[in-house]
Amino acid sequence: MTDPSGQIDHILIEDRKFPPPAEFTKRAVVSTQAQYDEMYAKARDDRDGFWKAEANEHLHWFEPFGDVCQWNAPHAKWFLGGKTNASYNCLDRNIDAGRGDKLAIVWEGEPGDTRTLTYTELRSEVAKCAAALTQIGISAGDVVSIYMPMTPELPIAMLACARIGAIHSVIFAGFSAESIADRNNDASAKMVITADGLYRRGKVLPLKETVDEALAKSPTVEHCLVLQRTGTENVPMTEGRDVWWHDVVDSQSDDFPAVPLDSETPLFILYTSGSTGKPKGILHTTAGYNLWAKRTFDWVFDHREDDIYWCTADCGWITGHSYIVYGPLSAGATCLMYEGAPNHPAEDRFWDLVEKYKVTILYTAPTAVRAFIKWGDEHVEKHDLSSLRLLGSVGEGINPEAWIWYHKMIGGERCPIVDTWWQTETGGIMMSPLPGITATIPGSCTTPLPGIVPAIVDEAGNVVDAQHGGMLCIAEPWPGMLRGIYGDEQRFVEQYWSMVPGKYLTGDNARKDEHGFYWIMGRIDDVINVSGHRLSTIEVESALVSHDAVCEAAVVGRHDDLKGQAIAAFVTIHNREPNEELRKELKLHVRKQIGALAQPDDIRFAATLPKTRSGKIMRRLLRDVASGREVVGDTSTLEDLSVLAKLGDDEA
Ligand code: 6R9
């Protein structure tokens, strides 16, 4: 049964509003609505003029660019003919501006070891690594896979590639040998940078062993550079291919100037999971991406010179690329970087770090917030979090009740929360509150940043009345947009540009409310159709999470002869027994919160929900479980395969 309008019913009402504290606004980077309105209008009405000024002010140019933007949908080129270098913008430009002795990275390892690097020290390390890569035989245009723990050498390796024009492809250090080999082969990687091992919850994982297994199936890889992190003994080193970091990097000269690179020089490839088939290598290029990462960082995180900024993501995800490395470093920020798990040695590790380093800005994911709620408030209450002034969220929609907990327990009711919506493909944040001016509403990513023109369309590609949900597209090019899928032009066009010609299709649904605020309603593929009403997963999930007993919820549709689809909900609970009584209570709760139509038909208690390695709930797998089908499709991005087996048997 398909609703011909293609619209999505909106059923969740959320009207709590949180205006920014006056103190915050007074000192904010964007401090008046008029300032935002003016920037937004200028970027919309005079795209080239706006971005020309931005690029000249915020990037270093070895040679000036000519045309600002050449747009032949779906192909964009930005800052044509200009020469710049992302490593120069992150390092040398700050040193030239007097930040040489400022801390760039403050790092803590999982076992508790620490290290700090000033901007000058970071540049030295990057230069040495760039010199070593060059000596090994890596040059501009070569692809270098990076499979490393969250040590300073990970951003150092990324920036060293950027310094010489090599293309990095960071692979999250939890992926299997098979996944590494797939990525190496897809990108024809010439080199892999890795480490002997990785600390995770007190254990050592043998990274190099996994890489060796991958390299046996990666014929294009000629070199492997290995960092000694865990001191693992008898690490197998293949003569002629493998070299130790401390043997070839440490002895290099630290005077290795950044190479002037054309604006459109590929900067990196980052693989993102498709729901089926092989992962896509999203390609970003130098100038446009760098500018977008920097300016979105400035605007959204309201960066001040004395901030201690902590993004808890891993560099293996786009959030780590844009908001641990390229954005904050281009802005001259001091970044805290933490290597390990949030619950090692105990569930208060994050709050210990916030207190110890006096973190002022914290950027994390809803999956983490939900885990903190589950672990209990006592872990938070032990620590002084008064240094915090701003909180961010990314990766999934944040359920309003989780938002409120984050606001109260972590933010002490004084920190604005920026719920940032964006994607690997978009390079940086697309929609977010600006913390000095936006009165936030829990669950909404509020408004687009300057240069972003969203359009909500129906299945025929017509722009619809946005107050009902539809497919979210972006109507105009922006500097940080992906330039392609590496080596697969056809997939790039089909995936993002075919359904709605000329507009970028995000794959998410969204609606716009009467204040002009946007609400992301989940992935297009996840919509549930009950008796012809198209419902968004997040709204039903948020209603479930607003019940005291529920930590996390995932809802999916399963076939129903009568209604087309019935709603199946998977929930994890705390403080209550999983039984028939609670099941009834939860159904009624949803009914009361958002209506009979959205009342789940099945409620299943689960110990954990299946998630991607970056913490997103994988509803597509739950669809199979809910219909009693065998799970089909790609499970390579699933964090813990055993979760699937357990889902079959309901706890109650
Ligand atoms: C940055 C990142 C992108 C997808 C995106 C959407 C979901 C991310 C969100 C959000 C609701 C937010 N998503 N942020 N949904 N509200 N604030 O996560 O990139 O890994 O490529 O995922 O994540 O569905 O389309 P990526």
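1. UniProt positions are given in the numbering used here, and its annotations may be inferred rather than shown by experiment. With that in mind, the UniProt record, an unreviewed entry, places "modified residue: N6-acetyllysine" at K616. The model itself is predicted.

2. Where does K616 lie? It is in the loop between strand 30 (602–605) and helix 19 (619–626). K616 has 35% relative accessibility, so it counts as partly exposed; the band for that class runs between 20% and 50%. Leaving aside residues up to four places away in sequence, K616 touches G395, E396, P610 and K611.

3. Next, helix 4 and helix 11. Helix 4 covers residues 86–99 and helix 11 covers residues 318–330. They pack at an angle of about 45°, and their axes are 8 Å apart. The two helices are therefore oblique to each other. The crossing of helix 4 past helix 11 is left-handed.

4. Which residues make this contact? Helix 4 supplies A86, N89, C90, R93 and N94. Helix 11 supplies V325, Y326, L329 and S330. By class, the contact of helix 4 with helix 11 has five nonpolar, three polar and one charged.

5. Helix 5 (residues 119–136) packs with helix 6 (residues 153–164) at an angle of about 65°. Their axes are 8 Å apart. Helix 5 passes helix 6 in a right-handed crossing.

6. On the helix 5 side, the contact residues include L122, V126, C129 and L133. Among their partners in helix 6 are I156, L159, A160 and I164. The contact of helix 5 with helix 6 comprises twelve nonpolar residues, one polar and three charged.

Note on methods: Residues numbered from 1 in each chain as written. Predicted model: local features only at pLDDT ≥ 70, side-chain atom pairs only at ≥ 80, totals over all residues. Heavy atoms only, no water. Axes fitted to C-alpha atoms, helices over the stretch in contact; angles between N-to-C directions. Helix = DSSP H or I, 4+ residues; strand = E, 2+ residues; numbered from the N terminus. Parallel < 35°, antiparallel > 145°, perpendicular 65-115°, else oblique. Left-handed = near helix turned anticlockwise from the far one by under 90°. Contact = heavy atoms within 4.5 Å. Nonpolar A, V, L, I, M, F, W, Y, C, P; charged D, E, K, R; others polar. Buried < 20%, exposed > 50% of the residue type's maximum accessible area, 1.4 Å probe, protein only.
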